[in-house]
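Reader: I'm new to this and would like to learn how to read a protein structure. Could you take me through one, feature by feature?

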Amino acid sequence: MLQLPSPTKMFLLQRPDDPEHRSLFDLAFAKRPAEELYDLATDPYQMNNVAMDPAYESTRADLSARLQDYLRSTADPLEVGGPMKWERAQYFKESDLRPEPSPDAIEALGLDERYSYVD
């Protein structure tokens, strides 16, 4: 949403392939992994996902099982099946489908004044 640019967002968007900042760009804009787990004692800023680290496997497995138990106990349709009512809900306001980037974003990123997520 470039109608609300922040200095950090603009900095990263101007440098998507900069090796020094690529990991931060990915954290901000890339798809998230299926599972994330962070050791807050050693990584309070949650920068290092340890979900696939063998040293954390028992913790990951325990938390995953607890989450699945909770989802089943609350009849979450992703876990037990059934209609997912939110699939047809409007996620964005109509104006968000064709946002108007801020003047700063237009200049910094060389954008058109208006772009569309649906056209």
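Predicted model: local features only at pLDDT ≥ 70, side-chain atom pairs only at ≥ 80, totals over all residues.

Reader: Okay, so how many helices and strands does the protein have?

Author: Six helices and zero strands. Going along the sequence, you read the pattern α-α-α-α-α-α. The radius of gyration is 20 Å, well over the 14 Å that the globule rule gives for 119 residues, so the protein is more spread out than a compact globule. The C-alpha trace spans about 50 × 40 × 20 Å along its principal axes.

Reader: What share of the residues counts as buried?

Author: Of the 119 residues, 18% do. The protein exposes about 9,400 Å², and 54% of that comes from carbon and sulfur atoms.

Reader: Let's get to loops. Where is Gln 46 found?

Author: Gln 46 sits in the loop between α2 and α3, where α3 covers residues 57-73. With 41% relative accessibility, Gln 46 counts as partly exposed, because that value falls between the cut-offs of 20% and 50%.

Reader: How do I read its backbone angle?

Author: Here's the general idea: most residues other than glycine have a negative phi. Gln 46 has a phi near 55 degrees, a positive value in a residue other than glycine. Ala 75 also has a positive phi, near 55 degrees, and Ala 75 lies in the loop between α3 and α4 (77-80).

Reader: Which residues does Tyr 38 touch, not counting those up to four places away in sequence?

Author: Tyr 38 touches Arg 32, Asp 43, Gln 46, Met 47, Asn 48, Asn 49 and Val 50. For a separation in space, take Tyr 38 and Ala 65: they are 27 residues apart in sequence and 17 Å apart from C-alpha to C-alpha.

Reader: How do I describe a pair of aromatic rings?

Author: You give the distance of the centres and the angle of the planes. This structure holds one aromatic pair. The rings of Phe 25 and Phe 29 have centres 5.0 Å apart and planes at 45 degrees, so the pair is tilted. To follow that step, recall that planes under 30 degrees apart count as stacked and over 60 as edge-to-face, with the rest tilted.

Reader: Where do Phe 25 and Phe 29 lie?

Author: Both are in helix α2 (residues 22-29), four residues apart, which is about one turn of the helix. Phe 25 counts as buried because its relative accessibility is 14%, whereas Phe 29, at 37%, counts as partly exposed.

Reader: Is Glu 87 buried or exposed?

Author: Exposed, because its relative accessibility is 56%. Glu 87 lies in the loop between α4 and α5 (94-97).

Reader: How far apart are the mean positions of the positive and negative charges?

Author: They are 6 Å apart, for 13 positive and 23 negative charges.

Notes
Residues numbered from 1 in each chain as written. Heavy atoms only, no water. Phe/Tyr/Trp six-rings, centres within 6.5 Å; stacked < 30°, edge-to-face > 60°. Helix = DSSP H or I, 4+ residues; strand = E, 2+ residues; numbered from the N terminus. Buried < 20%, exposed > 50% of the residue type's maximum accessible area, 1.4 Å probe, protein only. Rg over C-alpha atoms; globule rule 2.2 N^0.38 Å. Areas by Shrake-Rupley, 256 points an atom, 1.4 Å probe, with all protein chains shown as cover. Lys, Arg positive; Asp, Glu negative; His and termini not counted. Charge placed at Lys NZ, Arg CZ, Asp CG, Glu CD. Contact = heavy atoms within 4.5 Å.
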